[in-house]
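Welcome! Please take a moment to look over the sequence and the 3D structure, and then let us walk through some of the details together.

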Amino acid sequence: MSQSPVPSTVSVLVVEDDAVIRRAVQLALERYGYEVSVAEDGLGGLDAYRAGQHDLLILDVMLPGLDGIGLCRRIRDESLVPILMMSARGDALDVVSGLEAGADDYVVKPVDIGIMVARIRVLLRRATFHAGAAGGGADAGPSPSPGPGPGPRPGGDADADSGSGDGRLVFGDLAIDLRGLTVSRAGAIVPLTPTELRLLLAFAEHPGIVLDRRRLLREVWDYGWEGDTRVVDLCVVRLRKKIGADRIKTVRGFGYKLDRS
């Protein structure tokens with residue numbers, strides 16, 4: 001299978017305590033053209049993150065000192081950099097804890113490098129989509145193939161009821177600036193990760209319409225294969241905490257919808 005090279009400026013930090021796995025992941029990603037740095041424990045990973053500029057982080061869940069969940073929380077308090085978690089067991093608790101801590105996605109060990117690289121590229125595209133309109137930044141990182149992200153299009157469902165005519169969508173106290181890709185609630189800016197922003201834009205494109213989890217996996221996470229719908233559920237939970245618990249409604253047995261009011 002041919003490998004598609006990526007720009008050498010794409011920097012990935014891998015934090016993994018198992019030396020064999022750490023080296024294997026590093027070599028595999030370097031073969032795909034990524035610039036890879038490594039750390040062997042949580043505190044070392046935090047130092048390495050703060051000392052450099054990384055476009056994406058890969059964190060093992062089980063790390064000595066500061067575990068991957070705690071490390072993810074610490075980094076998420078400082079940055080919107082894409083984070084991919086690695087779990088040895090694929091255990092539901094590990095997955096949920098990582099996503100609740102602010103991770104964007106996860107892979108299960110032993111790692112399938114092809115799947116890992118595919119998910120890395122998706123996360124980088126989302127980060128580039130977010131940064132491209134918002135003015136960029138070191139944390140967003142470059143992308144090998146940016147592509148357009150989801151969002152309301154001219155003539156789409158959102159325009160009829162929610163458009164303000166100045167590139168903004170308004171739903172109650174929630175306002176989405178489609179040009180600057182910023183979100184505010186009651187006039188205060190709401191900091192969203194690239195994944196959370198894309199999820200909100202997917203809902204805003206179809207306000208009041210129920211979107212099922214599989215559709216959201218395809219449109220927001222770019223999954224061309226069957227993904228874990230817990231990723232969607234946990235991202236919805238995080239998004240609700242930021243934009244209001246009642247803004248996104250659950251339709252049991254079907255999915256979620258954005259409240260127009």
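How many residues of α7 are buried?

## Before we start

This is a predicted model, in which local features need pLDDT of at least 70 and side-chain atom pairs count only at pLDDT 80 or more, while totals for chains, interfaces and linings use all residues. Residues are numbered from 1 along each chain as its sequence is written, and side-chain values use heavy atoms, with hydrogens and water left out.

## A covered helix

Back to the question: 12 of the 12 residues of α7 are buried, and the helix is mostly covered. Buried means under 20% relative accessible area, with exposed over 50% and partly exposed in between (1.4 Å probe, protein chains only). Among the buried residues of α7 are P194, R198, F203 and E205.

Helix α7 spans residues 194-205 and reaches 16 Å from its first C-alpha to its last, close to the 16 Å expected at 1.5 Å a residue. That expected span is 1.5 Å times one less than the number of residues. Helices (H or I, at least four residues) and strands (E, at least two) are DSSP runs, numbered from the N terminus.

## An enclosed strand and its partners

Now turn to strand β3, residues 56-60. Since 5 of its 5 residues are buried, β3 is largely enclosed by the rest of the structure. L56, I58 and D60 point one way from the strand, and L57 and L59 point the other way.

Strand β1 (residues 11-15) runs parallel to β3, joined to it by 4 bridges; here L13 stands opposite L57. Strand β4 (residues 83-87) also pairs with β3 in the parallel sense, over 4 bridges, and L84 in β4 is the bridge partner of I58. From β3 the chain crosses through helix α3 (residues 68-78) to β4, and this β-α-β crossover is right-handed. Two strands pair if DSSP finds at least two bridges between them. Right-handed means that, with the strands pointing away from the viewer, the path from the first strand over the helix to the second runs clockwise.

## A serine in a loop

Look next at the loop between α3 and β4, where S79 is found. S79 is buried, with a relative accessible area of 4%. A polar contact of 3.5 Å joins its side chain to that of Y49. Such a contact is a pair of N or O atoms within 3.5 Å; within protein, one must be able to donate a hydrogen and the other to accept it, and residues adjacent in sequence count only if both atoms are side-chain atoms.
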